[in-house]
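Morning, everyone. I have one structure to walk through today, so please bring up the sequence and the model. I'll start as soon as they are on screen.

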Amino acid sequence: MTKCLSCGSDIEKFMSFGKMPIANGFLKKEQFDDEYFFEMEVGFCSECKMFQLINQPEREQMFNENYAFFSGTSKFMGEHFKEFAEHVRDDLVLEKEDPFIVEIGSNDGIMLKNFSQWGIRHLGVDPSSNVAEVARANGVRSIVEFFDKECAEKIVAEDGNADAFIAANVMCHIPYMDSIIEGIKVLLKSDGVAVFEDPYLGSVIEKTTFDQIYDEHVFLFSALSISNLFETHGMELIDVEPQETHGGSMRYVLANKGMREVSPNVAAIFNKERQIGLDKTETFLIFKKNCEDFKEKLNDLIKEVRGKGGKIAGYAATSKSTTIINYCGITTEDIEYICDTTPIKQGKFSPGAHIPVKAHEDFQKDYPEYALLFGYNHEKEIMAKEEGFMNSGGKWIVYVPEIMVK
Ligand code: SAH
Ligand code: TMP
Ligand code: ZN
């Protein structure tokens, strides 16, 4: 039996995705022999409703000076985080005098640069020094640290209490939630708010987007699991707002119990989550079967295309693609290379399967017959710039919302 990372109850794992490498661990040939793998198993806690990884690599193995994900590579995400920042400024801290905003997982400053431009006091906390360097160059005040209770105490000693704690796509990365929530409580003024968004369990279950499961994502949250987790620390869920990003995310707003009005959205989402079974173990057994079917169907399609002699390139070396590629057993026989716009990934090889990662220019210079769209969460942005590929007769292999050629 394993203990739930959220509430400490016994939980049972319901599925293994097999041996997995570090999802953002793009590597050079000489590093192949030392590549780290772990058994990627998942479990569901029927007590607190938290979906979680059973084992996660050490945090320093994932977040360090070579972190490969730079938030600023997507223009759409830049617009999304501007809207997030405006919401915090206009709806949550507007009436405060000299508000102070702290973001964790602030990465290259994609969100906080807005506060910086508005002259609002802010601080970013991110342990990956390479991305934090970029944030600083963008005029964003940043410290290179893992946020936890101790880090919060240091911030308060230097800058005072914060009006808002914000985060995107990082809360679900952190297994030591008790220290994080205690840190949030230390950090915030008594009427402060915590606002964060992460990939949503409801979307993963509905669309079988199991590629949201990888080393960094130790949790996939729902409103039910977030409410249960924060409740034990005297905080309550006061609002939720679904987001389109990352194939379906949820934004959660939390405050100290009784300090702010609770939106009717909260009761509505609890009802919806119970309706789609996010509170029941059986739902995850169906999900497991759906993942197995996905693997078979995607492999069949790739074999069919390759059988006709069509060359396939992967499009966007997303962290999510590491799960698809390694779970489905996709090899360099299937996909010649993956193109990606991130310089630190180019010239390296994908984690586990060691598929070469090339620059986007290489794709444009010599189009393949097919492109397997790993970056489906950026589909609109990508389609808009790949008319040349489609005009050359190129076809997309997509797997969200379903597996097909288009
Ligand atoms: N918020 C950005 C980046 C998400 S990637 C976006 O949504 O695009 C996750 C980031 O969280 C990485 O930059 C990683 O270094 C950082 N991170 C991981 N653990 C952390 C912790 N304990 N405290 C603060 N940041 C953390
Ligand atoms: P994400 O899915 O985790 O946001 O990762 C996005 C990855 O996709 C990142 O490596 C950059 C890459 N990318 C491209 O290669 N081309 C594009 O047009 C976009 C938007 C992203
Ligand atoms: Zn639990």
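The shell around ligand 1 splits into 13 nonpolar residues, six polar and one charged. In that count, Ala, Val, Leu, Ile, Met, Phe, Trp, Tyr, Cys and Pro are nonpolar, Asp, Glu, Lys and Arg are charged, and the others, Gly among them, are polar. Ground rules: this is a predicted model, where local features need pLDDT of at least 70 and side-chain atom pairs count only at pLDDT 80 or more, while totals for chains, interfaces and linings use all residues. Residues are numbered from 1 along each chain as its sequence is written, chains are lettered from A and ligands numbered from 1 in the order in which they are written, and side-chain values use heavy atoms, with hydrogens and water left out.

Back to ligand 1. It has 20 residues around it, and the closest are Ser 71, Gly 105, Asp 126, Ser 128 and Asn 169. To be near, a residue needs a heavy atom within 4 Å of the molecule.

Now its polar contacts, meaning pairs of N or O atoms within 3.5 Å. The side chain of Asn 107 puts an N or O atom 3.0 Å from a ligand 1 oxygen. A ligand 1 nitrogen sits 2.9 Å from a polar backbone atom of Phe 147. The side chain of Tyr 176 has an N or O atom 3.1 Å from a ligand 1 nitrogen. How much of ligand 1 does the protein cover? The figure is 98% of the 570 Å² of accessible area that the ligand has on its own. Areas come from the Shrake-Rupley method with a 1.4 Å probe.

Next, ligand 2. Of the 17 residues around ligand 2, the nearest are Lys 320, Asp 340, Lys 345, His 378 and Lys 385. By class, we get four nonpolar, eight polar and five charged. A polar side-chain atom of Lys 345 is 2.7 Å from a ligand 2 oxygen. For Asn 377, a polar side-chain atom lies 3.0 Å from a ligand 2 oxygen. Thr 341 uses a polar backbone atom, 3.1 Å from an oxygen of the ligand. The protein covers 97% of the 490 Å² of accessible area that ligand 2 has on its own.

Which element gives the most to this shell? That is α13, with three residues. Helices here are DSSP runs of H or I, at least four residues, and strands are runs of E, at least two, numbered from the N terminus.

Asp 340 also belongs to strand β14, residues 337-340. Tyr 337 and Cys 339 on one side, and Ile 338 and Asp 340 on the other, are all buried. Buried means under 20% relative accessible area, with a 1.4 Å probe and protein chains only. β14 runs parallel to β13, residues 312-315, with three bridges between them. Pairing takes at least two bridges in DSSP. Tyr 315 stands opposite Cys 339.

Last stop, β12. β9 joins β12 through seven antiparallel bridges, with Asp 198 partnered to Met 250. β11 joins β12 through eight, also antiparallel, and there Asp 239 pairs with Val 253.

Helix α8, residues 223-231, has seven of its nine residues buried, so this helix too is largely enclosed. Its buried residues pack against β9, β11 and β12, among others, with contact meaning heavy atoms within 4.5 Å.

Note on methods
Buried means under 20% relative accessible area, exposed over 50%, partly exposed in between (1.4 Å probe, protein chains only). A polar contact is a pair of N or O atoms within 3.5 Å; within protein, one must be able to donate a hydrogen and the other to accept it, and residues adjacent in sequence count only if both atoms are side-chain atoms.
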